[in-house]
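Here are my notes on the two-chain model you asked me to look over. They are set out as numbered points, so that each can be checked separately.

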Amino acid sequence: MSDQLKSILFTAAVALVCSLLLTAAASGLKARKLRNVAVDRQKNILKAVGLIDPDQTVSASQIEQRYAENIRCYTLAGTGRIVDGDTSDGLPVCFYIKDGGAAAYILPVDSRGLWGKIHGYMAIEKDGKTVAGFSVYSHNETPGLGGEIEKPWFQKNFVGKKIVDEKGDFVSVGIVKGKVTDVIAKAQQPNYVDGISGASLTGKFLTGGLKKVLMEYEPLSEQFRKGAVDLPAGG
Amino acid sequence: MKLLQSPTFKAFSEPLVKNNPVFIQSLGICSALAVTVQLQTAVVMALAMTSVTAFSSLTISSMRKVIPRNVRMIVELSVIASLVILADQLLRAYLYEISKQLSVFVGLIITNCIVMGRSETYALGNPPIKSFMDGLGNGAGYGLVLVTVAAIRELLGAGKLFGFAVIPQAAYDFGYMNMGFMQLAPAAFIIIGLLVWLQKTLMKE
């Protein structure tokens, strides 16, 4: 056998053994990995409504239990109806169920950031106007600067802010450059949160992203403002 | 003790300090900067890297007599890459939170010069058990550096070790503040430089 052929065959054999080993590992571990990703998503939704304290460590089964007891997820169809079904022609939305009704609704936020996408969840109270919570679970922003959006201090600032102005028109909630009390008139202060120093671009992109997402879910928010929300029975 | 003098044990002990891969051989510095912000991530990274180096050296050494010379680097890379992917999969399955923090850096173990360096310079010319110990020792030497740098960075940059507050609240009330600079990569660079200086000074005596 020529040297060249030997080398090729040997390398092919190594490649085959490696692929078999990795395929076995990947499929054997698949169930666990999928569960981890699902639990992570549930944890982030629970964080957005404040059912999990960001500083606590909660076990996976506790997360799954808390989620099953408190959260129901549906699809917001184009017609504005909330349906129990897959999200291919509608928007996903989750509800925090308390005392038989929705106490808050949780929207997935996928915004442009400075260095990549920002992913999180925003929860709005059942009045359709007040922010109940905000959590960020994935981003590529600079640590210490834009990266502060993942910190509790920044996310807590959103609680109690309003997505509508005094007249009741939709304005979304934005991040200013500097402190809200210094740059925004008193009447508009409920629609803004303090910016992160050194991260004005992250703030600008996130503001745009939040406005876009909240705009998409306005039909649902309007239903909540009117108090006329129809959740699918059962759940 | 006879065991401590055996060449096999020396293969493990030498890279710990005397021939430390980061300080003396100047290998693997890049990831040392990125994963040393917290002790917990540094420890996991060190364990992942040590297992990869030890097992890749073992595998390559077992095959050393049959690997054709002209494709040896390709074979080394395949073995190392497979072990790294395996380590990444295990982390995602069993230590998900930490794997998210480590993100791309586990994958980058493939690029860590120490792993390939030991395969090429030691494993190809030495028996399997000795190669395994050499891999273990180099991984442990690298791990020692990671843990030391991370301990300094987490203590000075966040006042914690392994996530537990070590600096008492009284100190903060008195006016003490965490050194924010410690959380950025250049701090790791400076700490490593200072430690190299320290080690070389101590070794001269």
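The points below take up the interface, then the salt bridges, then several helices and their surroundings.

1. The model is a predicted one, and local features are discussed only where pLDDT is at least 70.

2. At the interface, 16 residues of chain A are in contact with 21 residues of chain B. The area buried between chain A and chain B is about 1700 Å², and carbon and sulfur atoms give 69% of that area. On the side of chain A, the residues that lose the most area to chain B are Phe10(A), Leu22(A) and Leu29(A), which together account for 29% of what that side buries.

3. Polar groups also take part in the interface of chain A and chain B, where seven residue pairs are in polar contact, with both residues at pLDDT 80 or more.

4. One salt bridge is formed by Lys43(A) and Glu97(B), with a distance of 3.2 Å from N to O. Because Lys43(A) lies in helix 1 (residues 3–48) of chain A and Glu97(B) in helix 6 (residues 96–102) of chain B, the pair joins two chains. The two partners may be compared in their accessibility: Lys43(A) is buried, with a relative accessible area of 17%, whereas Glu97(B) is partly exposed, at 41%.

5. Within chain A, Lys179(A) forms a salt bridge with Asp194(A), and the closest N and O atoms are 3.7 Å apart. Lys179(A) lies in the loop between strand 7 (174–175) and helix 4 (180–183) of chain A, and Asp194(A) in the loop between strand 8 (192–193) and helix 5 (200–216) of chain A, so the pair ties together parts that are 15 residues apart in sequence. Lys179(A) itself is partly exposed, with a relative accessible area of 47%.

6. Within chain B, Asp134(B) and Arg118(B) form a salt bridge whose closest N and O atoms are 2.9 Å apart. Since Asp134(B) belongs to helix 9 of chain B and Arg118(B) to helix 8 (residues 113–121) of chain B, this pair ties together parts that are 16 residues apart in sequence. Asp134(B) counts as buried at 3% relative accessibility, and Arg118(B) also counts as buried, at 12%.

7. Which face of helix 5 of chain A is turned inward can be read from its buried residues, which are Thr202(A), Gly203(A), Phe205(A), Leu206(A), Gly209(A), Leu210(A), Val213(A) and Leu214(A). Seen down the helix axis, these residues fall within an arc of 165°, so they line one face of helix 5. Lys204(A) and Lys212(A) are exposed on the other side of the helix. What covers the buried residues includes strand 4 (101–112), strand 5 (117–125) and strand 6 (131–138) of chain A, and among the other elements are helix 3 (152–156) and helix 6 (218–226). As for its length, the 17 residues of helix 5 should span 24 Å at 1.5 Å a residue, and the end C-alpha atoms are 25 Å apart, which agrees.

8. In helix 6 of chain A, the buried residues are Glu218(A), Leu220(A), Ser221(A), Gln223(A) and Phe224(A). These residues pack against strand 1 (71–77), strand 2 (82–83), strand 3 (90–98), strand 4 and helix 5 of chain A. Just after helix 6 of chain A, Gly227(A) takes a positive phi of about 80°.

9. Helix 11 (residues 185–204) of chain B has 20 residues, which should span 28 Å at 1.5 Å a residue; its end C-alpha atoms are 29 Å apart, which agrees. Its buried residues are Ala187(B), Ala188(B), Ile191(B), Ile192(B), Leu195(B) and Gln199(B). These fall within an arc of 130° when seen down the axis of helix 11 of chain B, so they line one face of the helix. They pack against helix 3 (29–34) and helix 9 (128–158) of chain B, whereas Phe189(B), Trp197(B) and Lys204(B) are exposed on the other side of helix 11.

10. Finally, Leu3(B) is found in helix 1 (residues 2–5) of chain B and counts as exposed, at 60% relative accessibility. The C-alpha atoms of Leu3(B) and Gly107(B) are separated by 36 Å, the two residues being 104 residues apart along the chain.

Methods: Residues are numbered from 1 along each chain as its sequence is written. Chains are lettered from A and ligands numbered from 1 in the order in which they are written. This is a predicted model: local features need pLDDT of at least 70, side-chain atom pairs count only at pLDDT 80 or more; totals for chains, interfaces and linings use all residues. Side-chain values use heavy atoms; hydrogens and water are left out. Helices (H or I, at least four residues) and strands (E, at least two) are DSSP runs, numbered from the N terminus. The expected span of a helix is 1.5 Å times one less than its number of residues. Buried means under 20% relative accessible area, exposed over 50%, partly exposed in between (1.4 Å probe, protein chains only). The arc is that of the directions from the helix axis to the C-beta atoms. Contact means heavy atoms within 4.5 Å. Buried area is the accessible area (1.4 Å probe) that two parts lose on being put together, summed over both. A polar contact is a pair of N or O atoms within 3.5 Å; within protein, one must be able to donate a hydrogen and the other to accept it, and residues adjacent in sequence count only if both atoms are side-chain atoms. A salt bridge is a side-chain nitrogen of Lys or Arg within 4 Å of a carboxyl oxygen of Asp or Glu.
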